[in-house]
Amino acid sequence: MNTIEGYGYSEFFKNQAEKLNLSYDLVPARVIEVHREQYKIVTDRKLNDAKLKGSLFYNDQVESIYPVIGDFVLVKENPYGDDIIYHVLDRKSKFSRLDTFYKKEQIIAVNFDYVFIVTSLNQDFNLKRIERYLASAWQSGGSPVVILTKSDLCSDVSSYLDKIEKTTIGVPIFIVSARTGEGIDQLKAFIKPFDTIALLGSSGVGKSSLINAISGEEIMKVNSIREDDSKGRHTTTHRQLIKLNNGTMIIDTPGMRELGMWEAEEGLDTTFKDIEELMLRCRFTDCSHESEPGCAVKEALENGELSMERWDNYMKLKKEAKYAEQKENIDMRLKEKARGKNLSKLQKKIKKGR
Ligand code: GDP
Ligand code: ZN
């Protein structure tokens, strides 16, 4: 099963490669690890290190589409060293997060079939969070599956099920325990070779234990939990795609874990909630908070309810956000144009036999 098809290289990708009609010596590969500018890939033949073709990716006029974990790429194999990545094929699904500061999309994982929303049947259980995970799973292009873990710690599973039933219509739900093995066989029957699963869920809910229980091996390091706040700690620093012995692939990266930190992401919006509320009380809806009469902000600044420092910070962030937005719009147009250019450059290069 260690062919590239075994890694999920399906018609969707094959067709793209054929259409590009690049060259017979470029072969498909899947990115299974990402370390800065170094990649680990698998091809039909082997696992190898790979680098980007510099002239195609480090192009000053454009932001190239860089490979991320799960990508299918076209590479030129190099028997003596790193393979060279020439092209990233279009993705069928993706998780990305908004870099809230730069207002830029950061892609975390791609080309998964299922999204396992993992939550434990104890104090981690949070309906709002599950709803959010579901929304982003649907948006990602993968199919959501809900996994309720640590059933051995819960004496009242059905009350949890009642709570989530409305939001999870049509979504498979599995109740499992890595400790007792409950539900593991059902889950094993559900996951199939060639499929890729992305794991979503906070730290400590039992994702690593689950992978180990499914595979019957110690693939993932399980972190002992800090009893006081029931948060596990994770030491994985690189991004990886793991293949289980049944042929199913799992993407579990630190980035995916961060994706689960909605609270933190929301933090930026809620940090200035008081100020936004203040502004609602200004007399004029288009108040610039400079010299208008009835300005609630000015009033709050005068009576000390709002500090000048906080107000400055708020204004600064707003300005940066606006600038980033404008910049992104321009970047996006350039990117589109340059991707087309890059492709013809690539085709020319290959025609010349380089
Ligand atoms: P992850 O951070 O989501 O990968 O969670 P881990 O797999 O590292 O597990 C975090 C903690 O929960 C560890 O102490 C595990 O032993 C514990 N744990 C995981 N699965 C279960 C389970 O099914 N039952 C019980 N009781 N504890 C579990
Ligand atoms: Zn005002």
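Here is a quick look at a zinc site and a strand in this structure.

What you have is a predicted model, in which local features need pLDDT of at least 70, side-chain atom pairs count only at pLDDT 80 or more, and totals for chains, interfaces and linings use all residues. Residues are numbered from 1 along each chain as its sequence is written, while side-chain values use heavy atoms, with hydrogens and water left out.

Let's start with the zinc ion (ligand 2). C282 (SG), C287 (SG), H289 (ND1) and C295 (SG) are its protein donors, at 2.1 to 2.4 Å; donors are N, O and S atoms within 2.8 Å of the metal (3.2 Å for Na, K and Ca), and water is not among the atoms, so sites may look incomplete. Along the sequence, these residues follow the pattern C-x4-C-x1-H-x5-C. The site is tetrahedral, with angles of 100 to 115 degrees among its 4 donor atoms; four donors count as tetrahedral if all angles lie between 85 and 135 degrees. For reference, the ideal angle for four tetrahedral donors is 109.5 degrees. Both C282 and C295 are buried, meaning under 20% relative accessible area with a 1.4 Å probe, protein chains only.

Now for strand β11 (residues 196-200), where 5 of 5 residues are buried. Strands here are DSSP runs (E, at least two residues), numbered from the N terminus. T196, A198 and L200 lie on one side of β11, with I197 and L199 on the other. In a regular strand the side chains alternate between the two faces of the sheet.

| Partner of β11 | Bridges | Sense |
|---|---|---|
| β8 (residues 114-120) | 4 bridges | parallel |
| β13 (residues 249-251) | 3 bridges | parallel |

Y114 stands opposite I197 in β11, and T196 faces M249 in β13.

Key: Chains are lettered from A and ligands numbered from 1 in the order in which they are written. Four donors count as tetrahedral if all angles lie between 85 and 135 degrees; four count as square planar and six as octahedral if opposite donors are over 155 degrees apart and all others between 65 and 115; anything else is irregular. Buried means under 20% relative accessible area, exposed over 50%, partly exposed in between (1.4 Å probe, protein chains only). Two strands pair if DSSP finds at least two bridges between them.
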